Amino acid sequence: MKNLKSKNPLLSVKGIAKSYGHVRALQNIDIDIHSGEVLGLLGDNGAGKSTLIKILSGIIRPDKGQIFRKGKEINILSRKDSEEKAGIQTIYQDIALVKSMSILRNIFAGQERKTKLGFLKLNEMRDTTMQILNDHVKIAGITSPDLLIEELSGGQAQAVAIARAVHFQRDILLLDEPTSALSVRETNKVHSIMREIADAGNSCVFVTHNLYHAFQVCDRFVVFSHGEVVKSSTKENTSLDELTDLILAN
Amino acid sequence: MSGEYTNSLKANRYIQKGLFDRFRASPAGNVILVFLLVLLTCSIVSLIYPDNFRFLSKPNLIILQRAIPTLGIMSIGVGILMITGEFDLSVGAVFGLSAYIMAMVYSAGMPILVGVIAALLVGIIFGLINGWITTSFGIPSFITTLGTLFIIRSGGRLVSDNVPIIFQVPDWFKTLMTGRMLGYIQMQFVWFIIIAIIAWIILNRHTIGNHFISVGGNQMSSTQVGINVKKTKILAFVLCSICAVIAGIMSVIRVGVVNTDAKPLMELECVAACVMGGVALTGGRGSIVGVAVGAIMFHLVKDIIILGKLPAYYLELFIGLVIVFGVTLNQIAKKKY
Ligand SMILES: Nc1ncnc2c1ncn2[C@@H]1O[C@H](COP(=O)(O)OP(=O)(O)OP(=O)(O)O)[C@@H](O)[C@H]1O
Ligand SMILES: [Mg+2]
């Protein structure tokens with residue numbers, strides 16, 4: 001990890017700012033994301049973590065600042081830009097699934113397998129869904145890809161969202177509190193998925209309130225407070241106590 | 001791979017739902033069940049008392065097949081739009097105006113198909129307007145289309161000056177749209193079924209339909225997975241208007257008289273048919289089969305009331321009860337199964 005700093009970062013944000021009315025959600029944010037690392041984004045409620053995630057995934061636009069991919073400036077104006085130009089897949093804090101649709105249709109929503117005329121290849125999608133559910137996150141209690149999301153528990157639904165993002169993986173995976181609804185087993189699974197992704201040379205950005213989890217899986221930490229970065233450090237150069245103090249300081 | 005999957009299925013505590021329970025829990029389950037019961041009862045009663053209850057008589061079957069498609073085709077459009085989470089109260093007005101435009105263009109000496117295209121264009125334009133205003137300015141479609149309902153109606157009077165047009169379309173067109181096959185089958189009904197099948201395919205087997213349901217079910221998450229919510233909704237508004245135009249054209253060419261004054265409350269009858277058919281007012285839920293059966297039920301009950309020589313207000317009473325109890329039952333069924 002130590003020599004990563006010298007390399008060109010995979011993605012870097014420079015001077016990002018975003019306000020909602022009178023609330024300065026983010027100010028002057030500089031962050032680098034390197035290949036092969038799991039980066040932990042930490043901070044108290046309302047610190048601005050989700051706002052940064054949303055900017056990177058094209059849901060909202062920053063008021064100021066630049067985003068570079070491998071040194072080249074890019075504009076992320078939409079979810080599509082985020083995926084195609086920045087190479088980002090995102091798992092959101094509020095589960096982004098349609099409750100009245102089946103698991104299968106949710107997994108492929110927006111990226112359906114289809115014929116030239118736009119007809120759905122349902123059989124192909126069903127096979128892939130079974131594979132995704134088996135391979136990535138073995139989810140307890142999911143009996144069929146045709147179950148509706150509203151028939152699942154919160155944790156099962158979250159696991160489906162994770163399985164989807166991992167399946168359509170690009171080289172950066174953003175996870176905004178992905179494990180808050182998951183069981184211990186599922187949480188561990190998500191952690192090992194993040195590790196696998198990083199070890200394969202891609203990167204993960206992990207937002208969590210659980211410092212123990214963060215310390216377990218992350219290689220580097222960025223701590224937010226009131227919309228600003230107050231600390232950026234590798235795992236070797238910090239400790240659980242220091243991070244706890246930083247988050248509680250304000 | 002899938003073997004492993006099934007193994008993990010067996011190891012869990014989930015009770016497999018029976019086919020019947022699954023069917024009842026589906027959005028259209030209850031209405032289809034009630035429909036089949038009513039149909040069966042009517043047929044039996046009609047066989048026992050063929051003179052007093054002429055349900056199975058040829059004239060009655062023809063009347064039903066002429067009446068159902070107008071509401072049915074319009075409701076399919078309204079239903080698709082409701083599934084995307086929006087309303088269209090202007091369908092009745094579009095229905096009246098577009099038919100008038102077709103007759104006007106045709107009476108001016110143009111070929112009938114030019115008239116049909118003109119009518120479709122009118123529908124498409126109002127669909128685009130409804131959709132564009134609703135999605136661009138974040139106005140509830142209930143309000144947008146309430147506005148366009150009045151605008152289109154008054155526009156219609158302006159165009160028509162309240163003078164009806166009397167016209168005779170070419171025979172081939174009349175036969176194609178409103179003729180009879182094999183003695184018992186009305187073409188209107190055939191078109192209704194064809195349109196229902198097309199709508200079913202769009203909704204269940206096409207990417208567009210997937211996006212309709214997704215957008216209606218959760219707009220935020222649809223945006224997040226990259227679905228263009230605005231485009232999807234505008235398309236649904238346009239399809240809804242097109243259905244109203246088709247229903248409008250079909251309903252005037254048999255009689256050959258058209259005025260722009262649509263039957264009042266048509267738009268609400270469509271919403272009623274959709275709700276009976278299990279379409280959720282909140283979007284994201286509903287089936288074409290349900291909507292079609294909802295529309296059929298509407299006229300079936302009307303028919304029973306006429307055949308049984310019951311007071312006409314029984315229809316409204318029935319529709320009211322079905323909406324209140326039907327929706328409650330659906331809610332209960334969803335929890336139970
Ligand atoms: N849509 C919005 N409109 C107005 N203010 C917002 C909006 N979204 C976020 N904010 C504000 O911006 C600030 C940062 O919010 P953000 O969601 O990024 O925090 P967070 O770090 O993700 O917090 P948490 O850990 O609770 O999820 C907060 O003060 C919040 O109130
Ligand atoms: Mg957050």
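Which atom of ligand 1 lies 3.2 Å from a backbone N or O atom of A:Ala47? Keep that in mind as you go; this model is predicted.

**Stop 1: the ligand.** Select ligand 1 and A:Ala47. The answer is an oxygen atom of ligand 1, 3.2 Å from a backbone N or O atom of A:Ala47. One of its polar backbone atoms is 2.8 Å from an oxygen atom of ligand 1. Next, pick A:Thr51. Here a polar side-chain atom lies 2.5 Å from an oxygen atom of the ligand. On its own, ligand 1 has 630 Å² of accessible area, and the protein covers 64% of that.

**Stop 2: the shell.** Show the 14 residues around ligand 1. Those that come nearest are A:Asn45, A:Lys49, A:Ser50, A:Thr51 and A:His209. Both β2 and α1 of chain A supply at least two residues each. Helix α1(A) gives the most, with three.

**Stop 3: the sheet.** Colour four strands of chain A in the order β2-β1-β4-β5. They form an open, antiparallel sheet. β2 (23-33) and β5 (72-74) stand at its edges; each has a single partner strand, so one side of each is left without a neighbour in the sheet. Neighbouring strands are turned by 30° against each other on average, direction ignored. Select α1 (residues 49-56) of chain A: the helix packs on this sheet and touches β1, β2 and β4. Its direction makes about 115° with that of β1(A).

**Stop 4: a strand pair.** Zoom to β1 (residues 11-20) and β4 (residues 64-69) of chain A, which pair over five bridges. A:Ser12 stands opposite A:Phe68 in β4(A).

**Stop 5: a loop.** Finish at A:Ser35, in the loop between β2 and β3 (38-43) of chain A. A:Ser35 is partly exposed, with a relative accessible area of 27%.

Note on methods:
Residues numbered from 1 in each chain as written. Chains lettered and ligands numbered in written order. Predicted model: local features only at pLDDT ≥ 70, side-chain atom pairs only at ≥ 80, totals over all residues. Heavy atoms only, no water. Pairing = 2+ DSSP bridges. Axes fitted to C-alpha atoms, helices over the stretch in contact; angles between N-to-C directions. Contact = heavy atoms within 4.5 Å. Buried < 20%, exposed > 50% of the residue type's maximum accessible area, 1.4 Å probe, protein only. Near = heavy atom within 4 Å. Polar contact = N/O pair within 3.5 Å; in protein donor to acceptor, adjacent residues only side chain to side chain. Areas by Shrake-Rupley, 256 points an atom, 1.4 Å probe, with all protein chains shown as cover.
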